[in-house]
Amino acid sequence: MIATETKTEALLKRKQAAVASGIANSTSIFVEKASGAVITDVEGREYLDFYAGVGVLNAGHCPKPVVEAVKKQADKLLHSFFAIAMYEPYVALAEKMNQIVPGKQPKKTMFANSGAEAVENAVKIARQATKKTGIVSLECGFHGRTLMAMALTSKVKPYKHGFGPFPSDTYKVPSAYCYRCQFQSTYPGCGMHCLEHFDRFFAAEAASDQIAAVIAEPIQGEGGFIVPPQDYFSGLKAICEKNDILFIADEIQTGFARSGKMFAIEHWGVEPDIMTTAKSIAAGMPLSAVTGKAEVMDAPGAGGIGGTYGGNPLSCVAGLETIRYMEDNQLCQRAQHIGDVTMKRLQNLQERCAAIGDVRGLGAMIGIELVKDRKTKEPAKEMAASVIKLCLEDGLLVIGAGIYGNVIRLLIPLVATDAQLDQGLGILERNIQKAAAAC
Ligand code: PLP
């Protein structure tokens with residue numbers, strides 16, 4: 001009998017021939033459709049989604065009110081270019097963002113298409129507002145794949161290697177990666193050497209009067225779901241304020257209920273000067289935002305920021321409906337519940353499985369750091385890859401993270417049912433144990 005090619009095999013061949021290989025794929029799944037926390041591939045096979053389009057689908061796949069709003073808008077207006085002929089959804093979403101982003105002072109917003117583009121614009125705005133040029137970012141941070149965003153990013157391979165030279169006047173400082181503290185200290189007794197380092201940095205690397213902004217993810221995502229200690233951001237903000245430096249919170253992955261609050265920085269009670277958002281803002285429609293203090297946001301001159309598609313009508317109505325959906329369905333509380341259940345089960349597993357070096361996170365943003373040895377903390381990258389592969393075979397989609405590639409990151413859609421949560425965690429627990437036994 002002649003074996004017939006599956007739809008997936010045929011598509012994969014076409015993909016390999018037609019699509020640049022830098023657009024890599026970590027699975028060979030071709031998606032036909034998706035709903036809530038379930039993806040169905042072109043073979044009709046269903047997968048539980050525990051990565052949510054890498055943090056894009058906090059409100060789940062295809063939330064009904066969002067889909068309806070996009071369809072309705074598509075019949076009316078697809079594009080006009082907001083800088084030429086304006087439309088109401090852009091203004092309405094800006095008003096909503098100004099209302100929900102933390103900060104008592106009047107705020108303003110601009111829209112772009114991708115996370116990296118939001119970061120680029122935040123840097124431009126900060127430079128205009130401060131009339132300074134230096135930008136400080138944190139080790140283990142990820143801010144995107146455009147040139148400035150790459151310069152601010154910390155993971156060398158695959159994101160930066162061979163893509164330089166990068167824009168100048170960017171600097172890195174150690175992040176609060178307590179599990180692998182660069183200063184070999186332990187919180188809370190450490191006195192926060194990572195913040196004290198700024199004194200040395202301003203003396204040795206760049207004077208504070210050269211620095212326009214510090215950009216940081218409240219929880220480092222791509223870097224390995226690293227959660228800084230409770231007094232980290234108040235300390236960082238104090239350093240910024242003392243030196244007339246703006247603080248940019250990059251909430252592109254942490255935002256929109258993921259951490260149990262609308263924005264993760266709220267856990268630290270700190271108000272950023274500028275916030276970048278994207279991903280879950282519009283349930284998968286391309287949209288990003290820069291929101292900040294009005295006087296900061298108004299610094300660039302007319303036409304200095306913007307772009308052809310930024311804040312297109314479809315994305316703006318999707319954004320408005322997505323945020324409404326999150327509020328109506330109390331997705332912050334749901335994130336907290338999903339996080340509590342997940343954390344408890346993984347901490348239990350950690351007691352039985354020496355390969356789990358650390359389990360950390362806030363709300364439903366949880367990372368599992370795998371190690372070959374708990375004492376040396378040698379990263380177990382192959383074990384993480386094996387867990388991801390075994391889960392895929394069992395119908396669960398999870399992805400990796402971490403500068404050493406040894407962290408399993410969980411970004412469960414916040415609409416996942418308790419039964420789906422239980423099923424997915426069961427698959428994950430089983431395969432972590434299986435991979436740990438084999439490695
Ligand atoms: N900033 C953070 C914190 C991110 O997690 C990402 C993407 O993962 C980006 C920026 C870049 O976003 P995009 O891929 O939409 O350009």
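Tutor: First, a term: a molecule sits in a pocket if more than half of its atoms lie within 2 Å of the pocket's grid points. Also, keep in mind that this is a predicted model.
Student: OK. Where does the ligand sit?
Tutor: In the largest pocket.
Student: Which residues surround the ligand?
Tutor: Ser 114, Gly 115 and Ala 116 are among them.
Student: What does Asp 250 do with the ligand's nitrogen?
Tutor: A polar atom of the Asp 250 side chain is 2.8 Å from a nitrogen atom of the ligand.
Student: And what about backbone atoms?
Tutor: Gly 115 has a polar backbone atom 2.8 Å from an oxygen atom of the ligand. For Phe 142, a backbone N or O atom is 3.4 Å from a ligand nitrogen.
Student: How much of the ligand's accessible area does the protein cover?
Tutor: The protein covers 83% of it. On its own, the ligand has 400 Å².
Student: New topic. How many salt bridges are in the whole structure?
Tutor: A search finds 19. One of them joins the side chains of Glu 222 and Arg 409, at 2.6 Å from N to O.
Student: Where in the chain are Glu 222 and Arg 409?
Tutor: In distant parts, 187 residues apart. Glu 222 is in the loop between strand S7 and helix H8. Arg 409 is in strand S15, residues 407-410.

Notes
Residues numbered from 1 in each chain as written. Predicted model: local features only at pLDDT ≥ 70, side-chain atom pairs only at ≥ 80, totals over all residues. Heavy atoms only, no water. Near = heavy atom within 4 Å. Polar contact = N/O pair within 3.5 Å; in protein donor to acceptor, adjacent residues only side chain to side chain. Areas by Shrake-Rupley, 256 points an atom, 1.4 Å probe, with all protein chains shown as cover. 1 Å grid on protein atoms, 1.4 Å probe; cavity = no way out; pocket = protein on both sides within 12 Å on 5 of 7 lines; lining within 4 Å. Salt bridge = Lys/Arg side-chain N within 4 Å of Asp/Glu carboxyl O. Helix = DSSP H or I, 4+ residues; strand = E, 2+ residues; numbered from the N terminus.
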